[in-house]
Amino acid sequence: MIKILTPFEKISKTNKTLILLGWLILLIAIWFIGTSGTKHLFPSPSQVLTGFTDLYNEGLVVHILHSLQLCFLSIFLATIISLVFAYSWPIPLLKSISEFVTKFRFLPFTGLSFYITMVIHEARTMQVWILVIFLTTFLTTSLIAVIKDIPQEEFDHAKTLKCSRLEVLWQVIILGRLDYVIDVIRQNLAITWMMLVTVESIVVASGGLGFLIKNSDKFMNTGRIIALQIIILLIGLGLDAGINFLRKTIFRYSKI
Amino acid sequence: MKHEYKETLLYVENLSVAYDDTIIIKDINLTEKDVVREGVDCTGQVIAFVGRSGRGKSTFFKALTGLVACTNGKILIRDFENSEPNAAKLVKEGDIGFVDQKYTLFRHKTVHQALKFSLRKTALSNAEKESKIKEYVKLWGLENCIDKYPNELSGGQRQRTAIIEQLFSSDNFIVLDEPFSGLDVGNIQEVKKSFDLLCKSSEFNTIIFSTHDIELALEMAQTIYVVGYPTINGKQEKYGTIVAKYDLRDIGLAWTEFGEGHRKLYKEIVHQMMIS
């Protein structure tokens with residue numbers, strides 16, 4: 001008993017699972033007890049279950065696919081653009097541009113979306129480009145941080161093997177840190193997923209999880225909102241685990 | 001054992017390196033020649049650099065391998081592509097192999113891929129490259145890890161791979177920055193074996209290493225340089241230079257078992273280090 005309360009104490013896997021299960025049961029119990037009265041802020045489990053059923057009947061799967069499609073398309077485009085900025089960072093002439101892009105992450109969301117609205121008129125394309133622009137700033141920042149973390153020894157090693165400067169860039173940064181690109185995407189996935197739902201609810205197109213939240217919000221249907229939050233959380237965690245698995249499978253040498 | 005000095009392999013003249021206005025090393029001069037021993041087919045050169053921390057050994061090694069530009073002076077090595085006797089060339093990046101303390105390798109290449117990459121600029125055909133890799137991998141005991149990535153190798157395997165890689169790519173010169181630091185007794189024996197293999201594989205192979213273990217330096221090197229702060233006109237300067245050189249071949253201590261002579265020299269080297 002004292003062991004599980006002692007800081008830095010190592011415990012067995014079984015004990016870890018038991019602790020996790022204990023907390024889960026406690027959380028569910030609080031949820032059930034806390035929402036058993038007539039007045040409650042949080043929806044009861046039965047309300048959330050009804051929310052799930054309603055959402056499913058209204059085509060939840062199609063909406064999820066819609067959001068995932070938007071997520072993958074924007075990540076793909078943002079990654080390509082960010083890689084161009086990050087890989088040109090070691091070039092003195094282009095360094096300032098890459099650094100400048102990273103500063104844009106402090107810009108407010110609404111201000112930029114106003115300008116995008118003036119240029120792009122189709123809602124779906126607008127959603128994609130708002131996400132791409134914002135993601136690019138975050139991904140570029142993370143990718144440049146990865147490059148900055150490469151020890152000088154790795155560059156020196158490539159140079160002693162008669163690598164030209166471009167070969168050093170190719171071997172040490174591009175090929176040598178390919179697994180880190182996947183990890184950067186994974187780390188930024190949470191922000192992508194959060195932004196995506198927000199963008200879908202601000203720029204309303206034909207569907208998506210953000211669109212569903214906006215609709216539920218309008219009618220104060222808290223059961224549906226929590227059901228959607230749970231779905232969004234689970235999909236986010238699934239994507240995170242999937243990408244991590246992909247990185248470990250493709251890159252045997254990757255030990256991040 | 002009788003030995004004879006042949007052509008110059010390494011020539012350093014008035015070498016200085018400064019970062020901004022801070023002089024790190026200054027006025028380094030040295031000449032290393034090919035040594036031939038009577039009755040021995042192949043004798044590579046093993047040169048050790050000792051000195052207290054922060055005296056510029058690593059900077060000197062970086063300048064020697066072309067990784068850092070010299071502020072003054074020049075470094076010449078034997079040009080093996082030129083058949084004329086004593087033909088020399090100025091050192092540039094990649095001419096002299098460099099193995100750092102961490103035995104850095106490409107993290108995304110297996111041992112085979114790394115060795116193949118280091119041979120990419122040679123005139124060998126693909127079949128010849130494969131055969132050379134096979135030969136070295138067998139000789140250096142790396143057969144079982146040919147398809148392993150650096151993170152799957154032991155410290156000793158990493159170090160051997162790093163040495164072969166540099167040997168394949170450079171021109172018979174290898175610089176090792178503190179190759180014994182942090183190694184256990186078994187790994188030290190492995191590095192020693194690697195040095196032996198290098199010395200036996202080519203007459204011109206020249207190993208330059210730094211160490212804090214003077215006993216090891218005395219045991220393995222034929223020349224020992226002490227790098228430290230020089231005292232000029234009674235005042236100790238704040239830049240590194242060679243303050244003492246000991247040629248173990250000329251004093252009869254090279255290629256022999258560690259004995260009384262080595263112990264005396266040990267004390268002398270320690271003294272030199274302490275006053276510089």
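Start at the N terminus of chain A and walk along: the elements run α-α-α-α-α-α-α-α-α-α-α. That makes eleven helices and zero strands, where helices (H or I, at least four residues) and strands (E, at least two) are DSSP runs numbered from the N terminus. Bear in mind that this is a predicted model, in which local features need pLDDT of at least 70, side-chain atom pairs count only at pLDDT 80 or more, and totals for chains, interfaces and linings use all residues. Residues are numbered from 1 along each chain as its sequence is written, while chains are lettered from A and ligands numbered from 1 in the order in which they are written.

How do those helices fill space? The radius of gyration of chain A is 23 Å, well over the 18 Å that the globule rule gives for 256 residues, so chain A is more spread out than a compact globule. Here the radius is taken over C-alpha atoms, and the rule is 2.2 Å times the number of residues to the power 0.38. Along the principal axes, the C-alpha atoms of chain A fill a box of roughly 75 × 60 × 30 Å.

Residues 225-246 of chain A are 100% helix, with end C-alpha atoms 31 Å apart. Residues 20-42 of chain A are 65% helix and 0% strand, and their end C-alpha atoms lie 23 Å apart.

Now for the partner. In chain A, 14 residues are in contact with 20 residues of chain B, contact meaning C-beta atoms, placed from the backbone, within 7 Å. On the chain A side, α7 (152-160) and α8 (165-175) each supply at least two residues, and α7(A) gives the most, with six.

Over in chain B, helix α1 (residues 57-64) is mostly covered, with eight of its eight residues buried, that is, having 20 or more other C-beta atoms, placed from the backbone, within 10 Å of their own. Among them are Phe60(B), Phe61(B) and Leu64(B), but also Lys57(B) and Lys62(B). Just after α1(B), Gly66(B) takes a positive phi of about 80 degrees.

Note on methods:
Contact = placed C-beta atoms within 7 Å. Buried ≥ 20, exposed ≤ 12 C-beta atoms within 10 Å, placed from the backbone.
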